[in-house]
Structure formats: structure tokens, C-alpha cells
Amino acid sequence: MRRTASGTCTALLTALGLSTATASFGATVAQAAECKADALGTSRTIVVDPKEHSRIGTMQYGETLPLEDHEVVLTFDDGPLPAHTNAILDILAAQCVKATFFLVGRMAKEFPQEVRRIHDAGHTIGTHSENHPTFFGKLPPERMSAEIDDGIAHVSAALADPSQLAPFFRIPGLRRGDLLEAELAKRGLMTWSADFPADDWRHISSTQVVNYALSRLETKGKGVLLLHDIQARTQAALPVILRELKTRGYRIVHVVPATPERPKTVTDPAQWVPYWIHGPNIAAKTPSGFVFGVAETPLHDAPRSVRSVWLARQKMAPRASVHMLQPSNAPLLGKPARTDISAAARPRSLARVPGSHPVRASDGTFKPLTAPIKTGSRTDVPAGPNIR
């Protein structure tokens with residue numbers, strides 16, 4: 001049972017008598033109506049009850065959405081940001097694809113028009129905190145509650161109808177904690193992790209984003225894909241990802257919350273436990289080796305909300321080096337992604353390592369050079385015969 005975006009929007013416009021008054025909304029309708037016959041489309045909609053399945057995503061939990069083989073749920077975090085969110089909405093509309101957006105409260109307050117556009121296009125909207133704190137699970141209880149509630153309040157205000165906000169929440173950076181999950185459950189929120197990311201928050205190319213998304217999906221065969229709608233690389237990668245999903249026979253599934261008028265999809269408990277989980281009672285965890293990097297430095301004329309979110313992440317960013325997920329062994333498209341770009345991983349010339357450069361003694365033999373001696377602003381080496 002699927003309702004097309006064009007049919008829903010047209011009916012709404014007719015009922016409200018706004019077919020000529022809302023140009024931007026009409027543009028969305030036109031885009032949906034122009035969906036190509038060979039578009040990927042949305043194969044079905046799953047209606048979920050957050051109270052029955054409060055935590056999903058096998059990157060951290062023992063359950064995920066009850067998907068069949070070759071079914072994918074698209075999710076986007078951190079928006080809205082007009083420069084990229086609007087383009088991503090156009091790409092999704094052209095392929096008649098529905099997704100779930102986890103919006104940051106501060107961003108929704110800054111760009112309410114984009115929040116309404118996401119909703120008007122038929123996508124599901126959840127929340128992603130107020131300021132996207134990096135170590136959410138370790139915040140003091142008062143700030144933790146404020147981050148949850150303020151984010152919900154600002155997204156609801158942008159929608160102008162709180163009932164249109166899904167009780168879905170994704171923890172920033174997936175940095176979970178027992179107290180945090182208890183607070184989310186107390187509010188009736190469904191905590192979304194993911195089954196695999198595309199690493200699009202990292203400083204990598206759009207080709208590498210495609211590689212990560214598809215290779216990890218091929219490894220599992222189905223699942224929830226984590227993307228970000230505030231990145232240029234994601235905008236560039238998305239058309240390729242959608243095209244490849246269709247070519248490889250994958251189907252898009254849309255997820256919405258149950259309501260009194262919309263009963264949950266009937267499922268078997270076993271459907272929520274995918275084959276790669278050996279049991280439903282695994283301990284919740286933050287994925288080993290998985291840390292979101294700090295957002296790219298915003299332009300000097302970027303909106304205040306963008307700069308504020310970036311500054312907040314900078315203050316919370318760990319001082320230690322960041323280790324990223326290792327790529328899948330599955331074949332990749334194009335050039336494989338580099339995963340370790342730290343200085344420690346790069347080969348070092350022996351000539352730059354103190355004590356490694358040999359010197360020739362008077363008897364013709366070679367001996368290690370003693371430690372360099374620093375004098376003033378330069379480094380001098382003890383005098384020795386014929387250094388090579």
C-alpha cells in the first residue's frame with residue numbers, strides 16, 4: 001500500500017486551495033510528478049511501534065528493522081542545510097525515494113522552510129538533539145535532557161504541527177549511554193543506530209562515499225544506511241548510490257511511526273534479528289573504532305547555526321587521534337579509500353630518524369650517529385669524518 005508523493009501533495013493543495021499561492025511547494029509537486037518511469041521508487045512502507053522496538057541498528061544493538069533481503073532504509077543526519085539538503089531532496093524526488101531525516105534543533109530553528117519542505121515531500125522527520133554534542137552519553141543529566149527536549153521543540157516549531165514529528169531519535173555520533181537511552185525511552189522515543197555508514201562526514205571523495213555505502217551493503221545484503229545531508233560529497237554521491245541500488249536489485253523501504261489511525265505492520269520477532277546477529281540479547285555498545293570526525297571548518301559567511309554547531313563539536317572533540325572504521329573487503333568502485341591517514345602511518349625516511357644515519361669511522365667501518373645536538377634554531381650534528 002503506497003501513496004505517491006505527487007498524489008498526496010496534489011490532494012493537499014486542492015483541499016487547501018493553494019495550488020497557485022505556494023510556488024516552492026508547487027515545485028516539489030512538479031518534481032515528484034516528473035518521476036521517471038525507470039525510477040528506483042519506494043517499494044513499501046513499514047509502520048513501527050517505538051514502544052515495542054525502542055532501539056534498532058546493529059552497529060550498536062541486537063535488533064534492526066524487519067527488512068527482507070535487498071531492502072534498504074535511507075537515513076540522513078545533521079540537517080537541514082539549504083545548500084545541500086534541498087539538492088538531496090531533489091535527487092530523492094527524481095527517483096521517487098522516501099527517507100528518514102534526523103534534524104538538529106538549532107538547524108531547524110535557523111531553516112524552518114527546509115524542515116517543512118522535507119515534510120511536504122513525504123519523508124519521515126526525527127530529531128538529532130539541539131546542538132549535536134559529540135559525547136552525548138556522558139553529558140550531565142540536566143544538559144542531556146535539555147539537548148533532547150530543545151531539539152524536539154525547535155523541530156516541532158518549524159513543522160508548526162508537533163504531530164508530524166516522528167518519535168525517532170538518533171544519538172549524535174552514536175555515542176550512546178545507559179542514562180541517555182533511559183531518558184529517550186522515558187519520552188517514548190525510538191533510538192535509531194544504523195547497520196552501516198558511508199563515512200561521508202570524513203574528508204573523502206564522493207567516489208569513496210559510494211564505495212563504502214555499496215560495499216558494506218553488499219556484505220550484509222540489507223539494512224539501514226547512515227548518511228548526512230549537510231555534505232557536498234553526499235550530494236554528489238547520492239545519485240550514483242541510487243542508480244547502483246537499482247542496478248543491483250535493491251529496494252527502498254520507508255519507515256513511519258504507528259498512530260491510532262495507522263496500525264503497526266505485523267511482523268514476527270525473528271524478523272527484527274538479522275542473520276549476522278547471533279542472538280537478540282547482545283549488549284548495547286558504541287561501535288568499536290567508530291568515531292565521527294569533527295565537522296569541516298565552515299566558511300566565514302556561513303549561517304550562525306552552522307558555525308555554532310561546528311564550534312560546539314570542536315569543544316567536545318577528543319584530543320586523541322581518531323581511528324576510523326576499516327573498509328569492507330568487498331570489491332569497491334574506483335579507487336579504494338584510504339583509512340589511516342595519520343602521520344604515524346606514513347613511511348619515514350631513515351635520514352629523519354635520530355640515530356639512524358650511519359657515519360664512517362677512520363677505520364672504514366660504519367657506526368650509528370649519536371643524537372643530534374640542538375643549537376639555537378637549527379639542529380647540528382657532531383662532527384665526524386665523511387658523513388653519508
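Select T64 and D195 to begin: their side chains are joined by a polar contact of 2.7 Å (a pair of N or O atoms within 3.5 Å, where within protein one must be able to donate a hydrogen and the other to accept it, and residues adjacent in sequence count only if both atoms are side-chain atoms). Keep in mind that this is a predicted model, in which local features need pLDDT of at least 70 and side-chain atom pairs count only at pLDDT 80 or more, while totals for chains, interfaces and linings use all residues. Residues are numbered from 1 along each chain as its sequence is written, and side-chain values use heavy atoms, with hydrogens and water left out.

Stay on T64, which sits in the loop between β2 (55–56) and β3. Helices (H or I, at least four residues) and strands (E, at least two) are DSSP runs, numbered from the N terminus. Is T64 buried or exposed? Its relative accessibility is 2%, so T64 counts as buried; buried means under 20% relative accessible area, exposed over 50%, and partly exposed in between, with a 1.4 Å probe and protein chains only. Now show what T64 touches: leaving out residues up to four places away in sequence, you'll find I56, G57, T58, D195, V224, W272 and P274. A contact here means heavy atoms within 4.5 Å.

Two of those names come back at the next stop. V224 and W272 belong to a separate core of 19 residues, which also includes A166 and L174. A nonpolar core is a set of buried Ala, Val, Leu, Ile, Met, Phe, Trp, Tyr and Cys residues joined through side-chain atoms within 4.5 Å.

Next, the largest nonpolar core, which has 38 residues. Select L74, F76, L92 and L245, the ones with the most contacts inside it. Elements that each supply at least two residues of this core include β3 (71–77), α3 (82–94), α8 (206–220) and α9 (232–247). Which of the elements gives the most to this core? That's α8, with six residues. Zoom in on L245: beyond its neighbours within four places in sequence, L245 is in contact with L40, V72, L214, L217, Y250 and I252.

Now colour α5 and α6. Their axes (lines fitted to C-alpha atoms, for helices over the stretch in contact, with angles from 0 to 180 degrees between N-to-C directions) come within 8 Å and cross at roughly 75°. That makes α5 roughly perpendicular to α6, a label for angles of 65 to 115 degrees. Where the two meet, select P112, V115, R116 and H119 in α5, along with V155, A158 and L159 in α6.

Most residues other than glycine have a negative phi, and most peptide bonds are trans. Go to G79 and P80, which are joined by a cis peptide bond with omega of about 0°; P80 is in the loop between β3 and α3. H70, which is not a glycine, has a positive phi of about 70°, and H70 is partly exposed at 22% relative accessible area. S129 is not a glycine either, and has a positive phi of about 85°. You'll find S129 in the loop between β5 (124–127) and α6, buried at 0% relative accessible area.

Finally, zoom out. The protein chain has ten helices and 14 strands, and 47% of its 388 residues count as buried.

Conventions. Parallel < 35°, antiparallel > 145°, perpendicular 65-115°, else oblique.
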